[in-house]
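My entries follow in the order I looked things up.

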Amino acid sequence: MTAASVKRDYAMFDADLSGKALNLSLLRRLLRWLAPYRVTFALSGALVLIASTLQVLLPVVVSIVVIDRTIQGNTGHQAPDFGMADIADWLSNTLGAHPLAAACILYAALQIGWAVTGHAHRMTLTQSVIKGLRDLRLDLFRHLETRPAAFYDRVAVGRVMTRVTNDVEALYDLLRGIGSLIGEFVPFLVALLIMLSIDPALTGILLLALPVMAAATIVFRRATRKLFRLTRQTVSALNQNMQENLAGLQVVQLSGREQRNLADYRGINQRNLGFETTTARWETLYGALNDSIAHIAIGVILYYGGGAVIQDHLTLGEVVLFTRFVDMLLHPIVVLGEQTNILFRAMASGERIFQALDWDEKIHEPARPVALPERLEGRIEFSHLSFAYDADVPVLKDLNLRIAAGEKLAIVGPTGSGKSTLIRLLARFYDFDDGRIFLDGIDINRILSRDLRRRIGVVLQDFHIFSGSVFDNIALGNPAVGRERAIAAARTANALDFIEALPQGFDTELSERGQNLSQGQRQLLAFARVLAADPEILVLDEATASIDTETEQLIQDAIGKLTAGRTAILIAHRLQTIQEADRVLVLDHGRIAELGTHDELLARGGLYQRLHALQFQEVS
């Protein structure tokens with residue numbers, strides 16, 4: 001079964017994804033892109049452990065070493081100092097400094113060490129994540145670039161772009177947040193053990209705040225889960241709407257639709273604003289609640305601890321240590337809640353990214369492809385060819401046609417008769433099951449699509465200009481096309497004069513879609529591109545834009561040179577092109593209505609004669 005016979009639900013590409021809070025299979029798949037940077041991830045993990053340890057030691061120095069031992073001279077029922085007092089004494093003796101100065105030097109050294117290791121951790125983590133997501137973005141682009149035309153006929157380009165940009169960025173926030181979260185729980189565990197060793201009762205009271213904060217996190221998570229997903233979807237819709245409007249800006253302006261399109265965009269933007277605002281309200285409420293709980297905890301410490309100091313159950317330094325540690329005890333829950341929000345966004349984005357990566361629709365390639373000869377004769381045969389973009393709307397119906405090597409065949413017919421579809425199938429932009437197409441007697445389904453397309457040169461009405469120089473747009477990265485070959489092709493296509501008149505000639509940078517060239521110049525550049533590639537089969541869809549007489553003569557001359565010695569299929573819009581063709585094919589509703597020379601078809605008085613009278617009567 002080929003891809004053409006597979007029923008696909010394209011709506012699933014934009015389906016309302018669940019965005020599960022923790023999708024382990026998705027995280028495992030992400031490891032594929034992060035694995036090459038495991039060494040830097042391990043280094044980042046070691047650095048965050050060092051930074052976290054130093055973070056815990058800083059309040060120990062202030063509370064135990066400075067306040068209790070140095071200022072108050074209290075050496076009884078001391079909390080664990082992890083050797084900081086001994087180090088401070090050693091510094092005092094070695095440097096001959098006052099114990100308070102030695103403690104300050106120790107504190108400064110720990111502070112610098114914490115800052116350096118924390119910065120190094122963040123940099124190594126960020127670099128690893130960026131590199132991994134760079135590779136993911138490249139793989140995503142490579143995958144999307146190889147999807148067939150049928151995919152982009154049904155999926156909006158703006159939504160595809162969102163997956164490569166916004167959704168990958170959401171994964172960046174997730175991965176960097178997970179790495180930072182490790183640095184929050186190491187101080188949490190150490191601080192908890194120290195607090196339990198100092199005063200288990202006070203610690204137990206403070207721990208009551210954890211389930212309150214956890215409950216608040218769960219409520220917040222449930223309230224915002226759908227909001228984050230809807231926000232992401234409206235952002236995608238905004239990108240799609242913007243892309244469509246900017247791509248068709250000339251049509252928008254010509255039809256005076258600016259205000260209507262602005263109203264549509266404003267409506268989507270307003271929906272996005274509603275979701276963003278509601279989310280911000282929940283986030284603000286959640287943050288205020290967490291801050292309040294933290295301040296209440298400090299109040300409990302001051303009340304309970306102050307009484308304990310008066311009764312000589314605790315030292316002043318230990319109470320201060322509790323106030324410093326309370327943030328380490330509660331802050332990880334806050335960070336965990338924040339990371340949960342990021343997790344929601346990232347899980348939905350990850351699902352969208354991997355949905356795109358898993359979209360397996362592609363042009364069928366033969367398991368054992370036929371190798372084409374160095375030069376083809378150019379014989380083409382369509383045998384009982386039928387095709388439909390949608391199963392219930394056939395476009396081509398049992399079409400049989402033979403085109404001799406070197407023949408020039410003009411195709412005419414009403415809009416929707418199947419002219420462009422015939423060309424797309426020949427170039428294998430679509431798979432087809434019903435019928436066959438032969439090239440020099442070889443079934444094109446047995447030829448690799450890239451090999452086939454190298455032998456078919458196509459010049460469409462909408463000729464695409466890439467960002468880059470004139471030479472780049474002729475060579476298209478083909479190593480066989482050097483500067484001399486490009487110049488020769490431009491000369492043959494009558495494009496050399498206008499190219500050399502450009503400011504930097506072949507090195508002139510072309511603007512987006514070649515807007516700094518005229519329609520005729522773009523058409524001549526298209527001919528030069530095809531001539532440089534030197535294909536055996538030529539497909540030409542003539543431009544219908546208004547072109548001055550001199551340029552039209554250059555184009556007609558270029559067409560003659562381009563088709564010389566090649567099999568040519570011309571979707572014709574000019575009478576001169578039709579008259580110079582060997583035969584004319586008239587399509588009507590996907591069937592061959594007439595076939596013959598221009599004069600023969602005029603004499604028959606059929607559909608061609610009527611089309612001729614309507615379209616070319618002013619030329620005759």
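**Entry 1: overall dimensions.** I started with the radius of gyration. The chain has 36 Å, whereas a compact globule of 620 residues would come out near 25 Å. I kept in mind that this is a predicted model. Next I took the extent of the C-alpha trace along its principal axes, which is about 120 × 50 × 50 Å. I then listed the secondary structure and found 21 helices and 12 strands in the chain.

**Entry 2: a helix pair.** I turned to helix 6 and helix 8. Two packed helices are described by the angle between their axes and the distance between the axes. Helix 6 covers residues 157-198 and helix 8 covers residues 209-247; I read an angle of about 155° and axes 8 Å apart. The angle is over 145 degrees, so helix 6 is roughly antiparallel to helix 8. I noted the crossing of the two as right-handed.

Which residues of helix 6 and helix 8 make the contact? On helix 6 I listed Val157, Gly158, Arg159, Met161, Thr162, Asn166, Asp167, Ala170 and Phe188. On helix 8 I listed Leu210, Arg232, Gln233, Val235, Ser236, Ala237, Asn239, Gln240 and Gln243. Sorted by class, this contact holds 7 nonpolar, 8 polar and 3 charged residues.

Entry 3: I traced an open sheet with the strand order 2-1-4-5 and antiparallel pairing. Which strands stand at the edges? They are strand 2 (393-403) and strand 5 (442-443). Each has a single partner strand, so one side of each has no neighbour in the sheet. I checked the link from strand 4 (residues 436-439) to strand 5: the two run antiparallel and are joined by 2 bridges. Leu439 has Ile442 of strand 5 as its bridge partner. Helix 12 (residues 419-426) packs on this sheet, where it touches strand 1 (380-390), strand 2 and strand 4. Its direction makes about 110° with that of strand 1.

Entry 4: I followed another open sheet, ordered 6-9-10-3-11-12, with mixed pairing. Its edge strands are strand 6 (456-459) and strand 12, each pairing on one side only.

Strand 3 (residues 408-412) pairs with strand 11 (residues 583-588) in the parallel sense, over 4 bridges. Ile411 has Leu585 of strand 11 as its bridge partner. Strand 11 also pairs with strand 12 (residues 591-596), here in the antiparallel sense over 5 bridges. I picked out two positions facing strand 12: Leu587 stands opposite Ile592, and Val584 stands opposite Gly596. The hairpin of strand 11 and strand 12 has 2 residues between the strands. There I found His589 with a positive phi near 55°.

Entry 5: Which strands does helix 12 lie across here? I recorded strand 3, strand 6, strand 9 (537-541), strand 10 (567-571) and strand 11. Helix 12 runs at about 145° to strand 10. Last, I looked at helix 17 (residues 519-533). Helix 17 lies across strand 6 and strand 9, running at about 175° to strand 6.

Key. Residues are numbered from 1 along each chain as its sequence is written. This is a predicted model: local features need pLDDT of at least 70, side-chain atom pairs count only at pLDDT 80 or more; totals for chains, interfaces and linings use all residues. Side-chain values use heavy atoms; hydrogens and water are left out. Axes are lines fitted to C-alpha atoms, for helices over the stretch in contact, and angles run from 0 to 180 degrees between N-to-C directions. Angles under 35 degrees count as roughly parallel, over 145 as roughly antiparallel, 65 to 115 as roughly perpendicular and the rest as oblique. A crossing is left-handed if the near helix is turned anticlockwise from the far one by less than a right angle, and right-handed if clockwise. Contact means heavy atoms within 4.5 Å. Ala, Val, Leu, Ile, Met, Phe, Trp, Tyr, Cys and Pro count as nonpolar, Asp, Glu, Lys and Arg as charged, and the others, Gly among them, as polar. Two strands pair if DSSP finds at least two bridges between them. The radius of gyration is taken over C-alpha atoms; the globule rule is 2.2 Å times the number of residues to the power 0.38.
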